[in-house]
Amino acid sequence: SVRSLYSQAAAILNTRVDGKYLYGGSRTDVPPVSATDLNALVAAPTVASVFNNTDFEQTQRVDENETVTVGMTASQIGSDLFQMFKDIGSFDAGVNGPFGGNLNGAQSTYLTSQISAMTPINEGLTSLAAINGTRHEQVTNTADRHTSMSAYFTKFIGDIEDVDLSEAIAKLNSDQVAAQASGRMIASLNQISLLNYLPAL
């Protein structure tokens, strides 16, 4: 089970999108995890040595003054988890292994300790997932805002480009006549005085 889980984790961290490795930092052309099975991980001198990624986290500008970190690195995600896999694999290959159907006392004690060690590792992965979820929500909200603005400007431009010129000219002339009539009325009202209605002495 541990061998299968490790292979799955390594495969996830070696995921490619459009031919580029997603978790490689600035190295998108090299698999970020070189040890693709548990035996290779156990044989490695350290867990850090199996990661080929850089520490650079990719960012993307999503709005005029808004930039989002869009990538996490393989070592950032997998270091603690891979250390646990390496420890279990090393124990299995050591004097107290391999694990079988019936565990002896040393094996049972060791696996119990690893279950306890899994709690902070799981919490760390959950925190990273929460960070990733927050970033996803930020990008989604920005994309929705851009969609709304696009719809608004499409209608705005359409109202200009699709206008009936003859109808627009007729409406403009009508508005101009109304404005002139309104101006004459205001001018007439300004000339009205009570003196015009008083009898001559």
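Guide: Let's start with a word we'll need: a residue counts as exposed when its relative accessible area is over 50%, and as buried when that area is under 20%. Keep in mind that the model here is a predicted one.

Visitor: Okay, so is Asp18 buried or exposed, and how do you know?

Guide: Asp18 has a relative accessibility of 76%. The cut-off for exposed is over 50%, so Asp18 counts as exposed.

Visitor: Where does Asp18 sit?

Guide: Asp18 is in the loop between β1 (16-17) and β2 (20-21).

Visitor: What makes the pair Asp92 and Arg3 a salt bridge?

Guide: Check the distance. A side-chain nitrogen of Lys or Arg has to be within 4 Å of a carboxyl oxygen of Asp or Glu. Between the side chains of Arg3 and Asp92, N to O is 3.8 Å, so the pair passes as a salt bridge. A search of the whole structure finds 1 salt bridge.

Visitor: Which parts of the chain does the pair tie together?

Guide: Arg3 belongs to helix α1 (residues 2-13) and Asp92 to helix α3 (residues 74-93), so the bridge links parts that are 89 residues apart in sequence.

Visitor: Why is Arg3 called neither buried nor exposed?

Guide: Its relative accessible area is 43%. That value lies between the 20% and 50% cut-offs, so Arg3 is partly exposed.

Visitor: Let's turn to the pockets. Which residues lie nearest the centre of the largest one?

Guide: Ile12, Leu13, Tyr23, Ile77 and Leu125 do, out of 18 lining residues. The volume of the largest pocket is about 430 Å³. Helices α1, α3 and α4 (105-161) each put at least two residues into its lining, and α1 gives the most, with 5.

Visitor: What kinds of residues make up the lining of the largest pocket?

Guide: The lining has 14 nonpolar residues, 4 polar ones and no charged ones.

Visitor: How does the lining of the second largest pocket divide?

Guide: Into 8 nonpolar, 3 polar and 2 charged residues. The second largest pocket has a volume of about 300 Å³. It is lined by 13 residues, with Ser1, Val2, Ile88, Phe99 and Leu111 nearest its centre. The elements that give two or more residues to this lining are α1, α3 and α4.

Visitor: What makes a space a cavity instead of a pocket?

Guide: A probe fits inside a cavity but cannot get out, whereas a pocket is open. Here the count is 1 cavity of 30 Å³ or more, and the volume of the largest cavity is about 30 Å³.

Visitor: Which residues line the largest cavity?

Guide: Leu22, Gly25, Phe56, Glu57, Gln58, Gly71, Met72 and Thr73. They divide into 3 nonpolar, 4 polar and 1 charged. Glu counts as charged, so Glu57 is the charged one.

Note on methods. Residues are numbered from 1 along each chain as its sequence is written. This is a predicted model: local features need pLDDT of at least 70, side-chain atom pairs count only at pLDDT 80 or more; totals for chains, interfaces and linings use all residues. Side-chain values use heavy atoms; hydrogens and water are left out. Helices (H or I, at least four residues) and strands (E, at least two) are DSSP runs, numbered from the N terminus. Buried means under 20% relative accessible area, exposed over 50%, partly exposed in between (1.4 Å probe, protein chains only). On a 1 Å grid over the protein atoms alone, a cavity is a set of points where a 1.4 Å probe fits but cannot get out, and a pocket is an open set with protein on both sides within 12 Å along at least five of seven lines; lining residues have an atom within 4 Å of a point. Grid points are joined across faces, edges and corners, and a volume is the space filled by probe spheres set on the points.
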